[in-house]
Amino acid sequence: MYDIRKISDDVTYIGCSDRRLALFESAYPVPNGISYNSYLIKDDKTALLDTVDKACSAQFFENLEAALDGRKLDYLIVNHMEPDHCALIENVITLYPEVKIVCTAKSVTLIKQFFDFNIDEKSIVVKEGDILNLGKHELTFVLAPMVHWPEVMVTYDKTDKTLYSADAFGSFGAINGNITDEGICFKCQYLDEARRYYTNIVGKYGPQVQMLLKKAATLDIKTICPLHGLIIKENIEKFVEKYDKWSRYEAEENSVLIAYTSVYGGTENAINILAGMLADRGIKGIKIYNVSQVHSSYVLSDAFKYSHIVFATTTYNNGIFETMEHFMHNIAAHNLQNKKVVLIQNGSWAPTCGSAMKTILEGLKGIEIIDESLCLKSTLKNDQLEILNNIADKIAESIK
Ligand code: FEO
């Protein structure tokens, strides 16, 4: 049975949610599911904005047929060629052979890589600022390279003042009935998963996101229709503010994230005592993650959020304990910047993970190591409490 939602006079949501997927992109846990959003504009001409993941193929085509309600499909606008949105392009062409594919030149290249149909016969290649008139609706194409792939564009509908934003302003999480952000608590119900989505999927490309924000600032936007998550109406300003912060690698929270691993509890004991010392110095909102237990996408997300990070880990195979090493390479790969950092190393006979952690962080901009003096030899000793107190003092002073 079709499952479509009218979102304005001429626009219908025809996407779907997947709650069976364990790992989005085979990488990111989605305990609350994921939505693949697709939109149909019905005007003098009809335009479909992106398709969905092939996991939702049957639902999508029922939705498209119902939403078209006997009309023919004139255009398929491809904002993003990643298969969670483009998987069904060839099936759309088979079912609606008159359709024209509206996309960037880079998308044409990718379409040829993913599919075998003759895209050159079907495509209308657009560039920055090109306009497509559907009748009442005037669509302008705005290039957004590397948000999140090089071919990405976003589509602005001047008539509805709607930005079809591709991956930008998306979130993990299925659609649970309510399709817009109206009436939700953006901060307590939506922001964390939107941040985890942004930081993990687009976080590396801050300068490119800044370019898109500058372009978007020239548009009068009343609705954002992303390819994942809720349609944003009420929280556009707040969301744009967060995107601006995240893409400039500015912390949201002046507090401490402690990321640790501990094989037998020695390191864990030390960071728990440190966290108590920080709390005694008035620091609120301290977050502690055992990176062996928590998926690194969550820790990365909070690494963007917090101003200060304590990395505490064990020497293992003459290097960094493997889950911490993975996490640190992950933050380096995502271009994390502008953090005040403390390194705590443990090594029962030959501690080397401190210098190895430093080597990873040295490649990142704006990382200031404010202390690296604590070296545990298996467990924290009484005579090291002073070192830990000094670390707490330095962090507290830096946070003030
Ligand atoms: Fe949702 Fe970059 O694809």
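Is Lys 127 buried or exposed in this structure? Lys 127 is exposed, because its relative accessible area is 55%. The scale behind that word is this: buried means under 20% relative accessible area, exposed means over 50%, and partly exposed lies in between, with a 1.4 Å probe and protein chains only.

The structure is a predicted model, in which local features need pLDDT of at least 70 and side-chain atom pairs count only at pLDDT 80 or more, while totals for chains, interfaces and linings use all residues. Residues are numbered from 1 along each chain as its sequence is written, and side-chain values use heavy atoms, with hydrogens and water left out.

Start with the whole chain. The protein chain has 400 residues, of which 56% count as buried. Its C-alpha trace spans about 80 × 40 × 35 Å along the principal axes. The secondary structure comes to 13 helices and 23 strands. Helices (H or I, at least four residues) and strands (E, at least two) are DSSP runs, numbered from the N terminus.

Next come the charged pairs. Side chains of opposite charge can pair when their charged atoms come close. A salt bridge here is a side-chain nitrogen of Lys or Arg within 4 Å of a carboxyl oxygen of Asp or Glu. The structure holds 21 salt bridges. Lys 127 takes part in one of them, with Asp 130 as its partner and 3.6 Å between the closest N and O atoms.

Another salt bridge joins Lys 72 and Glu 98, whose closest N and O atoms are 3.5 Å apart. Lys 72 lies in the loop between helix 1 (57-68) and strand 9 (75-77), and Glu 98 in the loop between helix 3 (89-95) and strand 10 (100-103), so the pair ties together parts that are 26 residues apart in sequence. Lys 72 counts as partly exposed because its relative accessibility is 45%, and Glu 98 counts as exposed at 56%.

Salt bridges that share partners join Asp 192, Arg 195, Lys 242 and Glu 252 into one network.

Now turn to a nonpolar part of the surface. Val 263, Tyr 264 and Tyr 316 form a nonpolar patch there, with about 380 Å² of accessible area together. Patches are made of residues with over 30% relative accessible area and no salt bridge; like charges are joined within 9 Å, and nonpolar side chains (Val, Leu, Ile, Met, Phe, Trp, Tyr) within 5 Å. The areas come from the Shrake-Rupley method with a 1.4 Å probe, and for residues only the protein chains shown count as cover. Tyr 264 sits in the loop between strand 17 (253-260) and helix 9 (266-280), and counts as exposed because its relative accessibility is 82%.

Tyr 164 is a tyrosine in strand 15 (residues 162-164). At 2% relative accessibility, Tyr 164 counts as buried.

Ala 356 lies in helix 12 and counts as partly exposed because its relative accessibility is 24%. Ala 356 and Ile 320 are 36 residues apart in sequence, and their C-alpha atoms are 6.6 Å apart in space.

Two loop residues complete the tour. Asn 335, in the loop between helix 11 and strand 21 (339-346), has a positive phi near 65 degrees although it is not glycine. Ser 378, in the loop between strand 23 (375-376) and helix 13 (385-399), is also a residue other than glycine with a positive phi, about 85 degrees. Asn 335 is partly exposed at 25% relative accessibility, and Ser 378 is partly exposed at 35%.
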